[in-house]
Amino acid sequence: MNYFAQLYELLDYSSAPYSGFSVASIVITRDGMEYRGVNVESAAYPTTICAERNAIHTAVTEGARRGDVREVHILARNAVQELVKAYPCGSCRQVIAEQSGNDAAVFSYASATDVSQHSIAELLPFGFLGEEL
Ligand code: THU
């Protein structure tokens with residue numbers, strides 16, 4: 001399914017006063033539920049949380065189990081209000097891999113029709129999934 005319209009509306013909920021870079025994410029779990037997240041920035045910069053992790057953490061809070069994440073949809077708008085394709089940062093790739101059993105599809109949108117799809121295994125090759133712990 002195409003989530004552009006929902007992502008576009010969600011962008012306005014982003015709180016990005018420092019970078020001006022707004023990100024919206026919708027995560028779909030195994031049972032078809034949808035969870036939303038936006039980036040929330042902080043004056044103590046590292047405290048900032050990305051849209052993707054916010055969506056996944058909400059999914060877990062609402063009952064999703066480890067391995068349940070199936071799809072992560074992402075749309076971003078830069079400081080000059082252009083829609084741009086964003087790929088998850090390294091920290092988010094780690095969390096997506098762990099919460100999907102290394103089996104999520106990641107969709108990055110620039111418009112309703114310009115959408116890139118990659119597997120999390122492509123985005124995070126040789127990931128550390130905790131099996132060695
Ligand atoms: N950001 C996300 O929320 N997701 C991404 O995929 C890339 C980066 C946020 C973090 C920060 O608030 C802003 O974008 C600029 O890095």
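A polar contact is a pair of N or O atoms within 3.5 Å; within protein, one must be able to donate a hydrogen and the other to accept it, and residues adjacent in sequence count only if both atoms are side-chain atoms. With that in hand, look at Glu52: an N or O atom in its side chain sits 2.5 Å from an oxygen atom of the ligand.

Some ground rules: this is a predicted model, where local features need pLDDT of at least 70, side-chain atom pairs count only at pLDDT 80 or more, and totals for chains, interfaces and linings use all residues. Residues are numbered from 1 along each chain as its sequence is written, and side-chain values use heavy atoms, with hydrogens and water left out.

**Around the ligand**
- Glu41 also reaches the ligand through its side chain, with an N or O atom 2.6 Å from a ligand oxygen.
- Ala51 uses its backbone instead: a polar atom there is 3.0 Å from an oxygen atom of the ligand.
- On its own the ligand has 380 Å² of accessible area, and the protein covers 78% of that (Shrake-Rupley method, 1.4 Å probe).
- The residues surrounding the ligand include Phe21, Asn39, Thr48 and Tyr87, each with a heavy atom within 4 Å of it.
- Sorted by class, this shell has six nonpolar, three polar and two charged residues (Ala, Val, Leu, Ile, Met, Phe, Trp, Tyr, Cys and Pro count as nonpolar, Asp, Glu, Lys and Arg as charged, and the others, Gly among them, as polar).

- The model has zero disulfides, a disulfide being a pair of cysteine sulfur atoms within 2.5 Å.
- For Cys89, the nearest cysteine sulfur is that of Cys92, 3.8 Å away, and Cys89 is in no disulfide.
- Cys89 is partly exposed at 30% relative accessible area, while Cys92 is buried at 0% (buried is under 20%, exposed over 50%, partly exposed in between, with a 1.4 Å probe and protein chains only).

**A hairpin**
- Strands β5 (residues 105-109) and β6 (residues 115-119) run antiparallel and are joined by five bridges (strands pair if DSSP finds at least two bridges between them).
- Five residues lie between β5 and β6 in this hairpin, and Phe107 stands opposite Gln117 in β6.

**Positive phi values**
- Gln81, in the loop between β3 (69-77) and β4 (83-84), has a phi near 70° and is exposed at 54% relative accessibility.
- Phe126 follows α4 (120-123), has a phi near 55° and is exposed at 86%.
- Helices (H or I, at least four residues) and strands (E, at least two) are DSSP runs, numbered from the N terminus.
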